[in-house]
Amino acid sequence: MKIHRQKAKALIAKLTLQEKALLCVGKDLWTTQPIDRLGIPSIWMADGPHGLRKASFSTAGGLGNSEPATCFPTSSALASTWNLELIHQIGEAMGKEAQVQGIQIILGPGVNMKRDPRGGRNFEYYSEDPVLSGKMAAAFINGIQSQGVGTSLKHFAVNNQEFARMYFSSELDERTLREIYLPAFEIAVREAKPWTVMCSYNKINGTFAAENPLILHKVLKEEWGFEGFVVSDWYAVNDRPEGVNAGLHLEMPGSGDVSVDKIFSAVQTGKLAETRLNTIVEDLLAVILKAHEACKPDVTYSLETHHKLARQASAESIVLLKNENNLLPLPSKIKIAVIGEFAKAPRIQGGGSSQVVATQIDCLWDALLQDYPELTYTKGYEKDGTTSEKMLEEAAKLANSADIAVVLAGLPKRYESECFDRDHIDLPEGQNRLIETVVTAQKKTVVVLTNGSAVTMPWHKNIPCIVESWLGGQAGGSAVADILTGRVNPSGKLSETFPHRLLDCPAYLNWPGEQGKVHYAEGLYIGYRYYDTKEIEPMFPFGHGLSYTTFEYSEMHTNRIDFSKTDVLKVSLKIHNTGAVSGSEVVQLYVHPEQSRLKRPYKELKGFCKVALEPDEVKEVVFTLNHRDFSYYDPESACWVADDGAYSLQIGASSRDIRLQKQVKLIDADPVPFVFSRFTPLKEWMTRPKALSLVEPLIEKKSAEIALHQDEDAKAMMEALFMDLPIVKLVQFSRGQFTEEQLDEMIHKANLRK
Ligand code: BGC
């Protein structure tokens, strides 16, 4: 970047004000403005998170008109692989495709948290957990950028619903912002240095992201050291000069002369400092120059290899939710009834700007037919999920005459897309009826689900085997066949909680907001953080997923029991494949604080690792933890704090299946300085020796009076009242003997560090 920055700096001196303003606004739908006279090139951006969408320059063509590209599984599926190497490879593949198609920046990945399963773009996002999302994004970005193509980490920030996304304000407290909604971005920025970040449409606590100096400048640039440029989400700009001030480098798409003129006159009238504009243009140019130089016109790739990678990723993302009596993998030479339209017309991705025109599409029917020539099929429901008595009868007959029934169910296309949220999280009623009908006719029923985010399963107790196949991309059909037949041993684990019902969801009472605001009243408690802390049983917990083999966890060790703020804690354990087939296990590390000064979720994911093991093979897994992994954000002192005391390190096969745990103790962490004020209650003064010595003489008389009370209940009440009394009230209590001046002096002394 250094050399490009120097070049950018040199160019600033040569650019006119008009040209600088031009550079801050896109040329058209997808490219930046070139300045030919100075040899400044234009760069081209294209979606998206799970495949390339090099679209045309007219909006009229709509979606589905882009150049064909490999359609990988969508992000919720990719995150369920928990395989960082694989995500890196997908990034590399997409980087190559971008090079071939002449794209310099890929508009992804999206790392917004899944605050509620109804979120319309949940399929496009990784997880409800910031660590899993952040690590996935970092691997993906590193993969793409290793090919000389940039990325755009999006949608920054707190954009967790589609409802009113262009004008609603996400209202949240600072801890929730710092601990839940920013860390995935932070991890990705720190570990992968995306060339660009895309700001979101919404407001954050009243200020639009596109003009938000806290988010775009203070957090992103000053705290995290981001060196690239920030691009607006498409049409997210509201006040362009304000955006330049706040740290928004590029408006997309271009808005003709409208914004250019505004920037120009803001500088001329002194509303916007030209030095500020220069800094913004310098950041922008540094990336544009770098991206242009990294173009490799001679890159080639094999469609087939990328398709294979998509198939591998899809198979690894599939989560075996339930497998009673080891119904799966399917034995060979049996009669299988395949029921459900998705078997022949698969839904491979969600709707909206991430929609890829796939290079080919596999379906389960074709893939299974190769192994089971006697396969039978019936549709079961219409595209919209409705069914009829005739379809149900036909399905029951077919299921009954086979050895096993495989029902393909899931969300119709109309349910999941950018621009709207789901109203509920149920499958279409027709499909639920179909599943109940089939299992009545055939006990051995496997349900394979196609959906981008959690759904309810009212029938889950009656169905012996449930497979979550997500939106599996262009090779999803063959990947499901790989899992069903046992060619691939399932190793996916849920990247989000599946609740029993929508009513159980943490944001239920505050979704999607009203009168211009959505209050994140559940605070830190989203996903498993909520279900665990509240002890609500989910249908399938975060991190859950079965395998055709079994794993034994043992020998958990830490390099220390007592550790200090600067120590790196190493956690190791052994994992043993105790079954008959090879398989991979996702080992998860959660940290549970045994106590805390501020309220915290019961436990939080701080590490994970996917381990491949042959039968009887044993491997060691090692995690490292540092101070931040034990910390929460303290808004009063504006820093990350870990309290002294005990923490349980929990190793799980899911968030609800903890196999090993060990306690460690943080000692000599810097205590957060307590700040005394006029409203600090007496109880706080009395638990700190120095403050106690200051306040004691003043309260002796009152304490003695309370002690004289005969009635124990009244005494308890008086004590409670007294202890909770803000110190300032002593001025009134003393009827002027203890003065305001004395109070200030006492507070000053109590706050002295020595
Ligand atoms: C989406 C972005 C996308 C952009 C360009 C917007 O509607 O929110 O995620 O990158 O369009 O297609």
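Mentor: Let's start with a term: a salt bridge is a side-chain nitrogen of Lys or Arg within 4 Å of a carboxyl oxygen of Asp or Glu. Side chains of opposite charge can pair when their charged atoms come close. Helices (H or I, at least four residues) and strands (E, at least two) are DSSP runs, numbered from the N terminus. By the salt-bridge rule, the count comes to 54.

A word on the model: it is predicted, so local features need pLDDT of at least 70 and side-chain atom pairs count only at pLDDT 80 or more, while totals for chains, interfaces and linings use all residues. Residues are numbered from 1 along each chain as its sequence is written, and side-chain values use heavy atoms, with hydrogens and water left out.

Now to your meeting place. The chain is divided into domain 1 (303–534), domain 2 (551–666) and domain 3 (682–751), with bounds that come from an automatic or database domain assignment. The contact between domain 1 and domain 2 takes 11 residues from domain 1 and 19 residues from domain 2, where contact means heavy atoms within 4.5 Å. The C-alpha centres of these two domains lie 31 Å apart.

How much area is buried between domain 1 and domain 2? It is about 1200 Å², of which carbon and sulfur atoms give 44%. Buried area is the accessible area (1.4 Å probe) that two parts lose on being put together, summed over both. Lys493, Tyr528 and Asp532 supply 45% of the area that domain 1 buries against domain 2, more than any other three residues.

On the side of domain 1 that touches domain 2, helix H17 (residues 528–533) gives the largest share, five residues. By class, that side of domain 1 has four nonpolar, three polar and four charged residues. Here Ala, Val, Leu, Ile, Met, Phe, Trp, Tyr, Cys and Pro count as nonpolar, Asp, Glu, Lys and Arg as charged, and the others, Gly among them, as polar.
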